[in-house]
Amino acid sequence: MQKFAFLVHLRSYAKDLGRVVPPLGWIPDSAYRYALRNRPLPPIVWSNVTLTKDSTEPEGYIIMLPYSGRQLLEQQKTMLPRVRQAMELAASKGAGIMGLGAFSSSITMGGKLIADNPHLSVTNGNAYTSVITHTKIVNLIKKVPGRPVVALVGATGSVGALVCLLLARHHAEADYILVARNERRLRKLADEMKTINDKVVSVVSMSMQEVIHADIVVLLTSSADCILHAGHLKANAIVLDDTQPRNSDPVLLKQRPDVTVIDGGLVKITHLKTNKIGRLGLPPGISFACLAETMLLAKAGYKGNFSIGNPTLDQAEFISELADRFAHLGFGIAPDHSFGMPL
């Protein structure tokens, strides 16, 4: 096994810094963004990581870019050198591969802009995220009577497109609404699904209003804002939120107690340990699938970049095989959580 690193950033300054020093949570995010706009803060090792039962030495590291997700998106050109710094830091700790968490993937075009980095290999984690999300959707479909309607919001993105292709290949017992901003890409994706399986029934839309027809809503977007609102959902809808930072808000459950919101992309890793402060808002023994992909590749001693840009069906099959190989460590779907709390 080689060591790994996983790159993250603050979700919001107020929330995340307030966990460390409570008074820092009183300062609005806008003030932090203004103060840090032109300050080149270096990445830091946020946590050591182990995933085997008796490990006494770090098997990997969580590396933090000390900026919020919104700031990464607003200052992408400025943040790319910080990502490269993080890769140098990871290599200096002995890591052979680094995973890209949340918007660190977005600002590097899914790793394309740093794929030539000489320090270590890269993966964006989207292959295993797609596998876990697909499996979860299939399980939810089985629980809904009749032939449910599934809306995939952000369908043409790196994760969304592969989830759609996996659904077409393995399961067509639902009708699909593909939602994204680009109509041409949506229609191309719908045609690909039909080519894989001519029984697939799908419609495309550039409007969130179409989501109201869905029994199951899957959020797969890359956005810094919460975009799902109570008025978008039909009665008793199930929402699978596979976004980080999240595109749903806990207030949704108060506005719509009939709706169920499930945290997506979560993997159980039985003996996973991080520093308490470095848990990324997750319970012990639970990992994001993108982090789990990085761990699997490191555990297998994989050489070279893996998931760069849009992952493929072949990569989904390969990472699934690795998950089976290391199933004794967990690497399966985590129990259902909603906003970090067990359901």
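Predicted model: local features only at pLDDT ≥ 70, side-chain atom pairs only at ≥ 80, totals over all residues.
Residues are numbered from 1 along each chain as its sequence is written, and side-chain values use heavy atoms, with hydrogens and water left out.

**Exercise 1.** Find where Leu51 lies, and decide whether Leu51 is buried or exposed.

*Solution.* Start with the loop between strand E2 (44-50) and strand E3 (60-68), which holds Leu51. Helices (H or I, at least four residues) and strands (E, at least two) are DSSP runs, numbered from the N terminus. Next, take the relative accessible area of Leu51, which is 0%. Buried means under 20%, exposed over 50%, and partly exposed in between (1.4 Å probe, protein chains only), so Leu51 is buried. Then look at its partners, where contact means heavy atoms within 4.5 Å. Leaving out residues up to four places away in sequence, Leu51 touches Met1, Phe4, Glu59, Ile269, His271, Leu272, Met295, Leu329 and Phe331. Finally, compare chain and space: Leu272 is 221 residues apart from Leu51 along the chain, but their C-alpha atoms are separated by 4.2 Å.

**Exercise 2.** Work out whether Arg256 is buried or exposed.

*Solution.* Go to the loop between helix H9 (251-255) and strand E11 (260-263), where Arg256 lies. With a relative accessible area of 15%, Arg256 is buried. Not counting residues up to four places away in sequence, Arg256 touches Ala230, Leu233, Lys234, Ala235 and Asn236.

**Exercise 3.** Describe how helices H10 and H11 pack.

*Solution.* First find helix H10 (residues 289-299) and helix H11 (residues 313-325), whose axes are 10 Å apart at an angle of about 75 degrees. Axes are lines fitted to C-alpha atoms, for helices over the stretch in contact, and angles run from 0 to 180 degrees between N-to-C directions. Angles under 35 degrees count as roughly parallel, over 145 as roughly antiparallel, 65 to 115 as roughly perpendicular and the rest as oblique. H10 and H11 are therefore roughly perpendicular. Now list the meeting residues: Glu293, Leu296 and Leu297 in H10, with Phe318, Ile319, Leu322 and Ala323 in H11. By class, this contact has six nonpolar residues, no polar and one charged. Here Ala, Val, Leu, Ile, Met, Phe, Trp, Tyr, Cys and Pro count as nonpolar, Asp, Glu, Lys and Arg as charged, and the others, Gly among them, as polar.

**Exercise 4.** Name the buried residues of H1 and the elements that they pack against.

*Solution.* Step along H1 and pick out Tyr13, Ala14, Asp16 and Gly18, its buried residues. Then look around them: they pack against strand E1 (3-10), H2, E3 and helix H3 (69-74).

**Exercise 5.** Which element gives the most to the lining of the largest cavity?

*Solution.* On a 1 Å grid over the protein atoms alone, a cavity is a set of points where a 1.4 Å probe fits but cannot get out, and lining residues have an atom within 4 Å of a point. The structure holds one cavity of 30 Å³ or more. Its lining has 14 residues, with Lys136, Asp263, Gly265, Leu266 and Ile333 nearest the centre. Helix H6 (126-143) and E11 are the elements that give two or more residues. H6 gives the most, with three residues. By class, the lining has seven nonpolar, four polar and three charged residues.

Technical notes. 1 Å grid on protein atoms, 1.4 Å probe; cavity = no way out; pocket = protein on both sides within 12 Å on 5 of 7 lines; lining within 4 Å. Points joined across faces, edges and corners; volume = space filled by probe spheres on them.
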